[in-house]
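User: Please take me through this model one feature at a time, giving the general idea before the case at hand.

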Amino acid sequence: QRISGPLLDRIDLHITVPKGLVVASNGTQQGKPKADGNLHTFHWHVASPISNYCVALNIAPYVVLADTFTCIDGTKMPIQFFVLPEHEAKAKRCMAQFLDHVHCFEEILGPYPFRAEKYGIAETPHLGMEHQTIIAYGNGFRDEQYDWLHNHELSHEWWGNLVTCRDWKDMWIHEGFGTYMQPLYRERRFGRD
């Protein structure tokens, strides 16, 4: 990796965990995990520039819900949702809504910026974070009509991950656009009122 200020031009992560755990991270997984006894090593590669605060490392006994999404420019993009086994059914029910958020934001903002890698979600014990290509999601898949947290964190793929502020004092710009995207989505799907 080469570091230029807060940006890395690419990154490779090699994470070893006990068998039965899954590592969910940025970019694309390179092959199957390498087994060595009761340990498995996952290799994730990020090919596009990434802000160092957007690097994610999530480890759990995840179930992976995989799909393919057709972006507005015709690109086929892999979708990977890393969810806890006990929330698999609820996550499957929310998947269509979450992909509609992607579709709507593409209509407003242009194609998903990291379509050559993936759009991912990793279920976490904390509320959320805009990690590039794999947002942290801790809202429990409880609102099947409009999940405000997913909507907000997804918006950061454009506002925060694609367009990144130079200085921490300007983080409010990312959050401001993230907050603004929520009513834009609701207005398109549920009407102006």
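User: Is Thr133 buried or exposed?

Analyst: A residue is called buried under 20% relative accessible area, exposed over 50% and partly exposed in between, with a 1.4 Å probe and protein chains only as cover. Thr133 has a relative accessibility of 0%, so it counts as buried. The model is a predicted one, in which local features need pLDDT of at least 70 and side-chain atom pairs count only at pLDDT 80 or more, while totals for chains, interfaces and linings use all residues. Residues are numbered from 1 along each chain as its sequence is written, and side-chain values use heavy atoms, with hydrogens and water left out.

User: Where does Thr133 lie, and what is its phi?

Analyst: Helices (H or I, at least four residues) and strands (E, at least two) are DSSP runs, numbered from the N terminus. On that basis, Thr133 belongs to the loop that runs between strand 13 (128-129) and strand 14 (134-137). Its phi is positive, about 70 degrees, although Thr133 is not a glycine.

User: Which features should I read in Phe141?

Analyst: Phe141 also has a positive phi without being a glycine, with a value near 50 degrees. Phe141 sits in the loop between strand 14 and helix 2 (148-155), and because its relative accessibility is 2%, it counts as buried.

User: How many salt bridges does the structure hold?

Analyst: Side chains of opposite charge can pair when their charged atoms come close. The criterion here is a side-chain nitrogen of Lys or Arg within 4 Å of a carboxyl oxygen of Asp or Glu, and the structure holds seven such salt bridges. One of them joins the side chains of Arg115 and Asp73, at 2.8 Å from N to O. Arg115 is in the loop between helix 1 and strand 12 (119-123), whereas Asp73 is in the loop between strand 10 (63-70) and strand 11 (76-83), so this pair ties together parts that are 42 residues apart in sequence. Arg115, at 24% relative accessibility, counts as partly exposed, and Asp73, at 38%, likewise counts as partly exposed.

User: Which parts of the chain does the pair of Glu144 and Arg93 link?

Analyst: The side chains of Glu144 and Arg93 form a salt bridge with an N to O distance of 2.9 Å. This pair links distant parts of the chain, since Glu144 is in the loop between strand 14 and helix 2 while Arg93 is in helix 1, 51 residues apart. Glu144 has a relative accessible area of 42% and is partly exposed, as is Arg93 with 45%. A further salt bridge brings together the side chains of Glu187 and Arg192, at 2.7 Å from N to O; here Glu187 is partly exposed at 34% relative accessibility, whereas Arg192 is exposed at 72%.

User: At what angle do helix 1 and helix 2 pack?

Analyst: Two packed helices are described by the angle between their axes and the distance between the axes. Axes are lines fitted to C-alpha atoms, for helices over the stretch in contact, and angles run from 0 to 180 degrees between N-to-C directions. Helix 1 (residues 88-109) and helix 2 pack at about 40 degrees, with their axes 10 Å apart. Helix 1 is therefore oblique to helix 2, given that angles under 35 degrees count as roughly parallel, over 145 as roughly antiparallel, 65 to 115 as roughly perpendicular and the rest as oblique. The crossing of helix 1 and helix 2 is right-handed, a term used if the near helix is turned clockwise from the far one by less than a right angle, with anticlockwise being left-handed.

User: How do helix 2 and helix 3 pack?

Analyst: Helix 2 and helix 3 pack at an angle of about 130 degrees, with their axes 8 Å apart, and are therefore oblique to each other. Their crossing is right-handed.

User: Which residues form the nonpolar patch on the surface?

Analyst: Patches are made of residues with over 30% relative accessible area and no salt bridge, like charges being joined within 9 Å and nonpolar side chains (Val, Leu, Ile, Met, Phe, Trp, Tyr) within 5 Å. The nonpolar patch consists of Trp172, Ile173, Phe177 and Tyr180, which together have about 430 Å² of accessible area, as computed by the Shrake-Rupley method with a 1.4 Å probe and, for residues, only the protein chains shown as cover. Trp172 is located in helix 3 (residues 171-190), and with a relative accessible area of 59% Trp172 is exposed.
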